[in-house]
Amino acid sequence: ENPDLSCAEIALHTGVSPRHLERLFNQHTGMPPFQYVQHQRLQKARMLLLGPGLPIGHIAYYCGFRQPSHFSKWFTQQTHCSPRAFRQQKQTDVGKR
């Protein structure tokens with residue numbers, strides 16, 4: 001995975017213009033490339049936070065963040081819940097079943 005890969009770089013390698021690539025991407029996924037990448041990162045982060053005790057710093061790196069603090073801020077903005085609180089809440093929810 002390369003979190004710094006841009007739409008322009010992908011377009012260059014596929015032989016289409018960046019705008020055409022964005023249109024195609026939106027047509028097939030229902031969202032622009034950047035939004036799709038953010039969605040995928042969030043899904044991966046949630047999955048890893050629900051897994052067995054992987055440190056949040058490692059999850060940040062696996063999701064393409066260079067700094068765990070940037071990951072925590074981003075995750076909180078996306079979910080209105082910190083990664084740690086998300087993990088604790090989900091573990092509590094499982095314990096109630």
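**Close-up 1. Helices α1 and α2 are roughly perpendicular to each other in this predicted model.** "Roughly perpendicular" is used for angles of 65 to 115 degrees (under 35 is roughly parallel, over 145 roughly antiparallel, and the rest oblique). Here the axes of α1 (residues 7-14) and α2 cross at roughly 95° and come within 8 Å. Those axes are lines fitted to C-alpha atoms, for helices over the stretch in contact, and the angles run from 0 to 180 degrees between N-to-C directions. On the α1 side, Cys7, Ala8, Ile10 and Ala11 meet Pro18, Leu21 and Glu22 of α2, where contact means heavy atoms within 4.5 Å. The residues of this contact split into six nonpolar, no polar and one charged. For that tally, Ala, Val, Leu, Ile, Met, Phe, Trp, Tyr, Cys and Pro are nonpolar, Asp, Glu, Lys and Arg are charged, and the others, Gly among them, are polar. Helices themselves are DSSP runs (H or I, at least four residues; strands are E, at least two), numbered from the N terminus.

A bit of bookkeeping: residues are numbered from 1 along each chain as its sequence is written, and side-chain values use heavy atoms, with hydrogens and water left out. As this is a predicted model, local features need pLDDT of at least 70 and side-chain atom pairs count only at pLDDT 80 or more, while totals for chains, interfaces and linings use all residues.

**Close-up 2. Arg19 and Glu22 form a salt bridge.** The structure holds one salt bridge, and in this pair the closest N and O atoms are 3.6 Å apart. The criterion is a side-chain nitrogen of Lys or Arg within 4 Å of a carboxyl oxygen of Asp or Glu. Both partners sit in α2 (residues 18-29), three residues apart, which puts about one helical turn between them. An α-helix has 3.6 residues a turn, so residues three or four places apart point the same way. Arg19 is partly exposed at 48% relative accessibility, and Glu22 is partly exposed at 30% (buried is under 20% relative accessible area, exposed over 50%, partly exposed in between, with a 1.4 Å probe and protein chains only).

Close-up 3. The 12 residues of α2 should span 16 Å at 1.5 Å a residue, and the end C-alpha atoms agree, being 16 Å apart. That expected span is 1.5 Å times one less than the number of residues. Thr29 belongs to α2 and is partly exposed, at 30% relative accessibility.

**Close-up 4. Helix α3 crosses helix α5 at roughly 100°.** The axes of α3 (residues 33-50) and α5 (residues 68-79) come within 11 Å, and this pair also counts as roughly perpendicular. From α3, the contact uses Gln38, Arg41, Leu42, Ala45, Arg46 and Leu49; from α5, Phe71, Trp74, Phe75, Gln78 and Thr79. Sorted by type, the contact residues are six nonpolar, three polar and two charged.

**Close-up 5. His80 has a positive phi without being a glycine.** Its phi is near 60°. His80 is found in the loop between α5 and α6 (83-96), and at 72% relative accessibility His80 counts as exposed.
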